[in-house]
Amino acid sequence: TDNGCTDTSNCMTVSDVGYADINSDPNSLSIFPNPVSNSLSIQLSGPWKYNTDIRKDVYNSTGQLIFTTNKNELNVTGYAKGFYYLKCAQQMMKFIVQ
């Protein structure tokens with residue numbers, strides 16, 4: 001939209017570009033134990049199971065990024081008690097450090 005005029009382009013269908021979306025399986029990401037006090041295990045399934053390069057971001061309860069890794073084990077012994085969020089691809093899971 002520009003100066004009150006609206007225009008759209010022709011639609012094109014794009015399918016099967018060779019990328020599996022992690023959201024296609026809502027159970028493709030799991031974490032345990034939760035609550036955690038020492039080590040949080042991150043488990044991926046489906047097309048992500050053997051991919052070791054998937055970035056995992058950890059956010060505090062205010063949404064501030066505090067740690068990034070590609071490992072599937074997260075040592076939380078230095079974390080303050082409280083709520084945290086793990087983002088992996090397009091999924092976000094909450095975990096509790098006790």
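Me: In what order do the 4 strands of the open sheet stand?
Reply: First, a heads-up: this is a predicted model, where local features need pLDDT of at least 70 and side-chain atom pairs count only at pLDDT 80 or more, while totals for chains, interfaces and linings use all residues. Residues are numbered from 1 along each chain as its sequence is written, and side-chain values use heavy atoms, with hydrogens and water left out. Strands here are DSSP runs of E, at least two residues, numbered from the N terminus, and two of them pair if DSSP finds at least two bridges between them. The pairing in this sheet is antiparallel, and the order is S4-S3-S6-S7.

Me: Which strands stand at the edges of that sheet?
Reply: Look for strands with a single partner, because one side of such a strand is left without a neighbour in the sheet.

Me: Which residue of S4 stands opposite Lys56?
Reply: Strand S3 covers residues 56-60 and runs antiparallel to S4, with 4 bridges joining the two. Strands of a sheet pair through backbone hydrogen bonds, either parallel or antiparallel. Lys56 faces a residue in S4, and that residue is Thr69.

Me: Which residue forms a salt bridge with Asp57?
Reply: A salt bridge means a side-chain nitrogen of Lys or Arg within 4 Å of a carboxyl oxygen of Asp or Glu, and the structure holds 1 of them. Side chains of opposite charge can pair when their charged atoms come close. For Asp57, the closest N and O atoms are 2.7 Å apart, and the partner is Arg55.

Me: Is Asp57 buried or exposed?
Reply: The cut-offs are under 20% relative accessible area for buried, over 50% for exposed, and partly exposed in between (1.4 Å probe, protein chains only). Asp57 has a relative accessible area of 8%, so Asp57 is buried.

Me: How many residues does the largest nonpolar core have?
Reply: A nonpolar core is a set of buried Ala, Val, Leu, Ile, Met, Phe, Trp, Tyr and Cys residues joined through side-chain atoms within 4.5 Å. Tyr79, Val58, Leu74 and Val97 are among the residues with the most contacts inside the largest core, whose count is 17.

Me: Which residues does Pro35 contact, leaving aside its neighbours within four places in sequence?
Reply: Pro35 lies in the loop between strand S1 (29-32) and strand S2 (39-44), and at 36% relative accessibility it counts as partly exposed. Contact means heavy atoms within 4.5 Å. With the sequence neighbours set aside, Pro35 touches Ile96 and Gln98.

Me: What is omega for the peptide bond from Asn34 to Pro35?
Reply: The loop between S1 and S2 also holds Pro33, which is joined to Phe32 by a cis peptide bond with omega about -10°. The bond from Asn34 to Pro35 is cis too, with omega near 15°.
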